[in-house]
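This briefing walks through selected features of the structure shown below, grouped by topic. Please keep the model open while reading, so that each contact can be located in turn.

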Amino acid sequence: MERIEHHASFGGRQEVWQHASATLGCEMRFAVYLPPAALAGQSCPVLYWLSGLTCTEQNFITKAGAQEHAARHQLIVIAPDTSPRGESVANDPAYDLGQGAGFYVNATKAPWAPHFRMQDYVAEELPAIIESRFPATEARGILGHSMGGHGAMVTVLRHPGRYRSVSAFSPIVAPSQVPWGQKALAAYLGEDRTGWQDWDTVELIANAPERLHLLVDQGEDDEFLTTQLRPELLEAACQHADHPLTLRRHPGYDHSYYFIASFLADHFSHHANALCD
């Protein structure tokens with residue numbers, strides 16, 4: 001591992017690390033914010049952020065204002081890249097497939113299968129690195145935006161008992177029912193839609209063995225609201241399964257980091273309540 005960035009911030013330190021990922025078969029980068037308590041040697045809970053389409057580890061740490069909230073709650077915050085990258089990694093000219101668009105699934109189809117195993121990276125390899133290299137406890141929360149909101153919820157639902165909290169901004173809640181998700185799932189997993197259900201929050205909610213409270217914020221002026229996000233599908237699925245959900249709709253807000261920054265403090269409080277006991 002190599003540290004390639006470090007910046008003092010709110011009494012803590014924002015870092016970016018690069019490492020060779022055995023899961024993805026390429027070099028990967030992730031950002032880590034170490035709050036003041038962690039710099040002093042105290043073990044802290046960890047909050048994982050999953051970004052959306054086209055993003056890298058940089059978007060969240062430079063646009064969301066997360067460091068202030070992380071310092072206040074004494075949370076380590078991890079923000080990985082959204083996909084494997086490199087000359088040997090398969091790609092696609094479109095922004096919604098390939099590099100920058102891993103969709104947090106484990107691909108099974110060529111040419112994606114050798115590298116696109118973002119679920120295993122996010123849920124297994126990365127936490128193992130964080131908990132062995134940094135002063136991190138095993139108390140984990142996860143949140144994300146858009147494609148990353150989908151990734152956060154699916155990761156929790158696929159790994160009961162591994163996380164204590166989950167939330168999302170503008171998530172893709174039913175990828176098997178919207179164009180972005182259908183394109184990605186068909187490419188990464190194949191045309192058999194029965195296999196898509198394991199990567200679809202709305203489908204997984206029905207039989208979830210664990211019922212962590214979902215906090216979801218959605219802007220009502222989001223350009224992708226009715227075509228790609230469709231939060232009403234999550235609302236209906238949670239009502240049917242009696243799964244705890246707080247879905248907040250915000251008039252005037254769009255899909256941008258201006259929206260995320262406006263309500264991120266609430267999400268940090270949501271996670272801190274579960275992680276800092």
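This is a predicted model: local features need pLDDT of at least 70, side-chain atom pairs count only at pLDDT 80 or more; totals for chains, interfaces and linings use all residues.

A residue counts as buried when its relative accessible area is under 20%, as exposed when that area is over 50%, and as partly exposed in between. Arg 85, with a relative accessible area of 27%, is therefore partly exposed.

**Salt bridges**

- Side chains of opposite charge can pair when their charged atoms come close. With a limit of 4 Å between a side-chain nitrogen of Lys or Arg and a carboxyl oxygen of Asp or Glu, the count comes to 10 salt bridges.
- Arg 85 is paired with Asp 81, and the closest N and O atoms of this salt bridge are 2.6 Å apart.
- Because Asp 96 lies in the loop between strand S5 (76-80) and helix H4 (118-133), while Lys 183 belongs to helix H6 (residues 179-189), the pair ties together parts that are 87 residues apart in sequence. Asp 96 is buried, with a relative accessible area of 10%, and Lys 183 is partly exposed, with a value of 33%.
- Glu 235 and Arg 249 form a salt bridge in which the closest N and O atoms are 3.1 Å apart. This pair links distant parts of the chain, since Glu 235 sits in helix H9 (residues 231-241) and Arg 249 in strand S9 (residues 245-250), 14 residues apart. Glu 235 counts as partly exposed at 26% relative accessibility, and Arg 249 is likewise partly exposed, with a relative accessible area of 36%.
- Arg 3, Arg 13 and Glu 15 are connected to one another in a network of salt bridges.

**A patch of negative charge**

- On the surface, Glu 220, Asp 221, Glu 223 and Asp 254 gather in a patch of negative charge. One of these residues, Asp 221, is found in the loop between strand S8 (214-219) and helix H8 (225-229).

- The buried residues of H3 are Ala 66, Gln 67, His 69, Ala 70, Ala 71 and His 73. Just after H3, Gln 74 adopts a positive phi of about 55°.
- In strand S8, six of the six residues are buried, so the strand is largely enclosed by the rest of the structure. Both of its faces are covered, with Leu 214, Val 216 and Gln 218 buried on one side and Leu 215, Asp 217 and Gly 219 buried on the other.
- Strand S8 pairs in the parallel sense with strand S7 (residues 165-169) over four bridges, and Ala 168 stands opposite Val 216 of S8. Strand S8 also pairs in the parallel sense with S9, here over six bridges, and the bridge partner of Asp 217 in S9 is Arg 248.

- Phe 103 is found in the loop between S5 and H4, where it has a positive phi of about 60° although it is not a glycine. At 0% relative accessibility, Phe 103 counts as buried.
- Tyr 104 lies in the loop between S5 and H4, and this residue has a positive phi of about 55° although it is not a glycine. Tyr 104 is buried, with a relative accessible area of 1%.
- Pro 111 is placed in the loop between S5 and H4, and a cis peptide bond, with omega of about 0°, joins Ala 110 to Pro 111.

**The loop around Thr 54**

- Thr 54 has its place in the loop between strand S4 (44-50) and helix H2 (58-63), and at 48% relative accessibility it counts as partly exposed. The C-alpha atoms of Thr 54 and Phe 10 are separated by 28 Å, with the two residues 44 residues apart along the chain.

Terms used
Residues are numbered from 1 along each chain as its sequence is written. Side-chain values use heavy atoms; hydrogens and water are left out. Buried means under 20% relative accessible area, exposed over 50%, partly exposed in between (1.4 Å probe, protein chains only). Helices (H or I, at least four residues) and strands (E, at least two) are DSSP runs, numbered from the N terminus. Patches are made of residues with over 30% relative accessible area and no salt bridge: like charges are joined within 9 Å, nonpolar side chains (Val, Leu, Ile, Met, Phe, Trp, Tyr) within 5 Å. Accessible areas come from the Shrake-Rupley method with a 1.4 Å probe; for residues, only the protein chains shown count as cover. Lys and Arg count as positive and Asp and Glu as negative; His and the chain ends are not counted. The place of a charge is taken as NZ of Lys, CZ of Arg, CG of Asp or CD of Glu. Two strands pair if DSSP finds at least two bridges between them.
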